[in-house]
Amino acid sequence: MATPEFIRDLRNSIGRQLLWLPGVTAVVFDDEGRVLLGKRADTGGWSVIGGIPEPGEQPAETAVREVYEETAVRVVPEGVVLVEAMPPTRYPNGDICQFMDVTLRCRAIGGRARVNDDESLEVGWFAMDALPELDTYALTRIRRAVAAGPTWFHGMEDED
């Protein structure tokens, strides 16, 4: 993932210490119920599409921008799937970040899925019964987006 300029500027002041950041994930479905995934250039694994909002950018705007930048697909956000503080991540260069992820369910309205920047090796549509290997992060978001239930908040699960 390309580091936004405003974060590089912050890193010049704070060094490698923990940086708390917003993140937006888009779980995109087409009219056939397939989900849009990208094979990440940084990890080589398949995942849902996401990124960091620009300063002042609204989460829905971030979802629309990131999906188009990475896949050339146009989307409309339809709802908030979940909001979750992620555990801190230490990057190979020593930087530490922690993200507050807002995941949005989105509907594709145009464009043709293709690699549209240097963040993805491949992009494609996948039927729910033919998903590639995905990590827990992506699977959780897809599962909750398919359920189309109320917004999920970590720690607020029903006690059955």
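Strand β2 contributes the most residues to the lining of the largest cavity, namely three. This is a predicted model, in which local features need pLDDT of at least 70 and side-chain atom pairs count only at pLDDT 80 or more, whereas totals for chains, interfaces and linings use all residues. Residues are numbered from 1 along each chain as its sequence is written, and side-chain values use heavy atoms, with hydrogens and water left out.

A search of the whole structure finds one cavity of 30 Å³ or more, a cavity being a set of points on a 1 Å grid over the protein atoms alone where a 1.4 Å probe fits but cannot get out, with lining residues having an atom within 4 Å of a point. The largest cavity has a volume of about 100 Å³, the volume being the space filled by probe spheres set on the points. Twelve residues line the largest cavity, and the closest to its centre are Arg40, Val48, Glu70, Glu119 and Ser120. Two or more lining residues come from each of β2 (35-40) and β4 (49-51), strands being DSSP runs (E, at least two residues) numbered from the N terminus.

Strand β7 (residues 96-111) pairs with β1 in the parallel sense, where two strands pair if DSSP finds at least two bridges between them. The partners of β7 are set out below.

| Partner of β7 | Sense | Bridges |
|---|---|---|
| β1 (residues 19-29) | parallel | eleven bridges |
| β5 (residues 73-85) | antiparallel | eleven bridges |
| β6 (residues 89-90) | antiparallel | two bridges |

Within β7, methionine 100 is the bridge partner of proline 22, valine 102 stands opposite valine 83, and cysteine 97 stands opposite threonine 89.

Note on methods
On a 1 Å grid over the protein atoms alone, a cavity is a set of points where a 1.4 Å probe fits but cannot get out, and a pocket is an open set with protein on both sides within 12 Å along at least five of seven lines; lining residues have an atom within 4 Å of a point. Helices (H or I, at least four residues) and strands (E, at least two) are DSSP runs, numbered from the N terminus.
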